[in-house]
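The following note sets out points for a colleague examining this entry. Please read each one alongside the sequence and the coordinates.

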Amino acid sequence: MRITLTTLQKMAQEGNRITMLTCYDASFAALLEEAGVESLLIGDSLGMVLQGHESTLPVTLRDVVYHTACVARCAKRAFIIGDMPFGTFQISPQEAFRNAADIMAAGAHMVKIEGGMPMLSTIEFLTQRGIPVCGHLGLTPQSVHQLGGYRVQGRGEAAQQIVEDAKLLDSAGAGMIVLEAIPSGLARDVTAAVRAPTIGIGAGPECSGQVLVLHDMLDIYPGKKAKFVKNFMRTGGSIQGAVETYVKEVKAKTYPGPEHSFSG
């Protein structure tokens, strides 16, 4: 039976941790499903781990549509989320809808949009027209140059703004919210303040679920690894075993541990 947004929201309400990994092709889609991963994210991280770019910025709508279609052909149960690349949703809600519709037509069940308050009208426009939206707060990689690099966000006075942005996204209709590279205490506060499930990546253990870039958790990406990344191949012994271990540890709330989390 297909996992839906309603399924994931119910899991969050019941305290059952949601597992998510990035995925970009049909073979891994089948493997991740078999290992028990509930949601697959066609992330614009493909620009770095597949295409060799230094950031996610060069990824195009065409890239995401192509990889979403590849994943959707073999993912028979998982909930599929497609990232909206840089420049495809910032101009107007109408243009965002046209681009999101292409990702949905390729097989996604939801699109992901980075940013807080400036994205409210776009999220409302999409959700009111049948396109579920996952928000993304904290470290937003498409804004890497404005942020001054891949740095922890939400420390000090900036914490309250993230809480407020999360509430606004929630009220605008966001069905999930990714929280990236923020203090674990702040992520806990955000999770308690919104109805939408929160999915952490470098946001500590108190989110509704966790996501990692597949190539990072398998330790096959040659670039620098963030503090929150764990090499699951070390204990899993195989790709299948690594993913199964990831699922078990997220469900048991043993990953992420203190060593993978940030303080305020």
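1. Strand 1 and strand 8 run parallel and are joined by 4 bridges. Within this pairing, I18 stands opposite G209 of strand 8. The model is a predicted one, and the points below should be read accordingly.

2. The pairing belongs to a closed barrel of 8 strands, in the order 1-2-3-4-5-6-7-8, with parallel pairing. From one strand to the next, the twist averages 25 degrees. Helix 12 packs on this sheet and touches both strand 1 and strand 8. The direction of helix 12 makes about 145 degrees with that of strand 1.

3. Helix 12 covers residues 239–252, 14 residues in total. From the first C-alpha to the last the helix reaches 20 Å, close to the 20 Å expected at 1.5 Å a residue. Its buried residues are G241, A242, V243, T245, Y246, V247, E249 and V250. The cover over these buried residues includes strand 1 (18–22) and strand 8 (209–212), and also helix 2 (26–34), helix 10 (214–217) and helix 11 (233–236).

4. The segment that follows helix 12 deserves a check of its backbone. Just after the helix, K253 takes a positive phi of about 65 degrees. Further on, Y255 and P256 are joined by a cis peptide bond, with omega about 0 degrees; P256 lies in the segment after helix 12. As background, most residues other than glycine have a negative phi, and most peptide bonds are trans.

5. Two loop residues also call for attention. A181, in the loop between strand 6 and helix 9 (184–193), has a positive phi near 50 degrees although it is a residue other than glycine. D219 is likewise not a glycine and has a positive phi of about 60 degrees; its place is the loop between helix 10 and helix 11. Are these residues buried or partly exposed? A181 is buried, because its relative accessible area is 3%, whereas D219, at 40%, counts as partly exposed.

6. M176 is found in strand 6 (residues 176–180). With 0% relative accessibility, M176 counts as buried. Leaving aside neighbours within four places in sequence, the contacts of M176 are L5, L8, M20, F79, I81, M110, V133, C134, G135, A196, P197 and I199. V49, for its part, is 127 residues from M176 in sequence and 24 Å away in space, C-alpha to C-alpha.

7. T140 lies in the loop between strand 5 (133–138) and helix 7 (144–147). T140 is buried, since its relative accessible area is 10%.

8. How many disulfides does the model contain? With the sulfur–sulfur cut-off at 2.5 Å, the count comes to 0 disulfides. For C70, the closest cysteine sulfur is that of C74, at 9.4 Å, which is too far for a bond. C207 is in no disulfide either, as the nearest cysteine sulfur, in C134, is 12 Å away. Both cysteines are buried: C70 has a relative accessible area of 12%, and C207 is at 0%.

Technical notes
Residues are numbered from 1 along each chain as its sequence is written. This is a predicted model: local features need pLDDT of at least 70, side-chain atom pairs count only at pLDDT 80 or more; totals for chains, interfaces and linings use all residues. Side-chain values use heavy atoms; hydrogens and water are left out. The expected span of a helix is 1.5 Å times one less than its number of residues. Buried means under 20% relative accessible area, exposed over 50%, partly exposed in between (1.4 Å probe, protein chains only). Contact means heavy atoms within 4.5 Å. Two strands pair if DSSP finds at least two bridges between them. Axes are lines fitted to C-alpha atoms, for helices over the stretch in contact, and angles run from 0 to 180 degrees between N-to-C directions.
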